[in-house]
Amino acid sequence: MIVYASLIALCVLVIRFAAFRYKMYRSVSQLPGPPVNFLFGNALELVRCDTQAFFEKLMDYFQRYGTIVRIDMINKVWIIFSSPTDIERLISSNEFNRKALDYDMTQEWLGNGILLDYGNSWFANRRALTGAFHFKILDGYVPVFEEQADVLVRKLLDAGGATVDIFAMAKLYTLDVILETSMGVRCRAQQEDSDYVRAVSDLTHITFWRMYNVMGFSDWTFRMTKHYNTYQKSLRISRDFTTSVIRQRRADLLATGASAADSKPEKGRLSLLDILLRSDITGRQFGDEEVYSQVNNFMFAGHDTTSSAITFILYACAKHPEVQQRLYEEIVAETPVDEPITQQHINNLKYLEQVIKESLRMYPPVPYYSRHVERDTMQNGIRLEKGATIVFGAYMLHHNPEYFPEPEQFRPERFEDGETKRNPFAYIPFSAGSRNCIGQKFALNELKTALVKILRQCKVVLPEPDFVPKMKMELVLKPVNGMPLRFLERKTILE
């Protein structure tokens, strides 16, 4: 009897799965994309891919199928758009305000902060957090950028011109910055080994692996993988660290008998955590769990992306010595060596702005953005079914010769005359629409400060003149085996 019941249940499951796959196959198989297996879609082709091979597959699909590419992953479908016309129509619509369900895999780690939230709750929190990025508050962070950049430069010079992996070093720099500005704590990630730093790195890697590998799609299959125990350990370390900082800050306020609004943080600088505890800035009171989520979201979004940007900009400077020399001359002319860097100094670096923009075009730190389709809809003749994921392919878009002639050439002068002649949705390193990056001004100031400090004191050189990095995607664009560069002390060269 039990055997018969089991067989019947199995037959029902098979029939339901076949019906589900038939519906999905019929709805998406006509869209451009790699050949689809009726039962398994494209999952069999992609399950063997690591993050480097996955990135290469996506670029191959873009070259073969154009600006709309369909990828069928058995129980979900991704439709990748990479033309500015399609992106403008989709990203500007409030109909697609919700992040893709793939991002839900980060929720256990990050909580439901501004990165993952959607709908009315997201709009309210976005409005409340806007005050955290007022230019007067951002000005106060420049000394943090400079102080931590000084630590980074010392470590580069200590290498004595030997080859170093700048990506690993930049990541520690950005972690020091984001932890001090978001939580008001000094992590000393650049100077000391840290369980928290390792935990963040492991969580980032494993989370992206879960997004594209079928073994990571559900919790019960994930438990059977080699990554599960590492993930749980890292999750515990991350949560304990962030929670303890929040509790300590609240305890400090209670111990001094001061309200959050009256609190005077160290050096008169407000961290994001301080701001979240101040309803006079945000216009609302955030509970502990909400504070945890928002702080974690900013930490996650604000360190890997910036370290990726720094890495590829320095690579471009090493690859193109004439660009580096012009940058050095501008930095010397606009930033007095015996004065702290100020916001005005940063604003005067026009060529640096062009170099950064061109690097963010060629190597966008976030190579794609994705949204969830919440109901059946038609967009430009394409049927988007409920449950599908639409992806805005920033990397593909930025490398399309129709919008950027000779896209593989590094040419900062593309941005010399502003961007009035270009469709504004052809260049989206910080996303676009209502969900554009709330911290982009913060990130640009951090980038510029670090680059000024590095390039004023160091000449960046490729160990091998013909070196071209292989790339991978783990939510953020990264070099596969790090980024080997040499940093020569300019003072020694001049002597």
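Analyst: One of the residues to begin with is H345, found in helix α17 (residues 343-347). The model is predicted.

User: Why is H345 called buried?

Analyst: The relative accessible area of H345 is 11%. Buried means under 20%, so H345 counts as buried.

User: What is H345 in contact with, leaving aside its neighbours within four places in sequence?

Analyst: With those neighbours left aside, H345 is in contact with E334, T335, P336, E339 and P340. Contact here means heavy atoms within 4.5 Å.

User: Why does C437 count as partly exposed?

Analyst: C437 has a relative accessibility of 32%. The label buried requires a value under 20% and the label exposed a value over 50%, with partly exposed in between; C437 therefore counts as partly exposed. This residue, C437, is placed in the loop between α19 (394-398) and α20 (440-457).

User: For which feature does UniProt list C437?

Analyst: The UniProt entry, which is unreviewed, lists C437 for "binding site".

User: Why are α10 and α15 called roughly perpendicular?

Analyst: The axes of helix α10 (residues 195-212) and helix α15 (residues 288-319) cross at roughly 85 degrees and come within 12 Å. Angles of 65 to 115 degrees count as roughly perpendicular, and α10 and α15 are therefore given that label.

User: Which residues make the contact of α10 with α15?

Analyst: From α10 the contact is made by Y196, V200 and T204, and from α15 by M299, F300, H303 and D304. By class, the residues of this contact divide into 4 nonpolar, 2 polar and 1 charged.

User: What makes β3 and β8 the edge strands of their sheet?

Analyst: The sheet is open, with 3 strands in the order β3-β11-β8 and antiparallel pairing. Both β3 (163-165) and β8 (458-461) have a single partner strand, so one side of each is left without a neighbour in the sheet. Neighbouring strands of this sheet are turned by 45 degrees against each other on average, direction ignored.

User: What makes both faces of strand β10 covered?

Analyst: In β10 (residues 476-479), V476 and K478 on one side and L477 and P479 on the other are all buried.

User: What is the strand order of the 4-strand sheet, and which strands are at its edges?

Analyst: The order is β1-β2-β7-β4, in an open sheet with mixed pairing. The edge strands are β1 (68-72) and β4 (369-372), each pairing on one side only. Helix α3 (residues 51-65) packs on this sheet, touching β1 and β2 (77-81).

Methods:
Residues numbered from 1 in each chain as written. Predicted model: local features only at pLDDT ≥ 70, side-chain atom pairs only at ≥ 80, totals over all residues. Heavy atoms only, no water. Pairing = 2+ DSSP bridges. Helix = DSSP H or I, 4+ residues; strand = E, 2+ residues; numbered from the N terminus. Axes fitted to C-alpha atoms, helices over the stretch in contact; angles between N-to-C directions. UniProt positions renumbered as here; feature names shortened; annotations may be inferred. Buried < 20%, exposed > 50% of the residue type's maximum accessible area, 1.4 Å probe, protein only. Parallel < 35°, antiparallel > 145°, perpendicular 65-115°, else oblique. Nonpolar A, V, L, I, M, F, W, Y, C, P; charged D, E, K, R; others polar.
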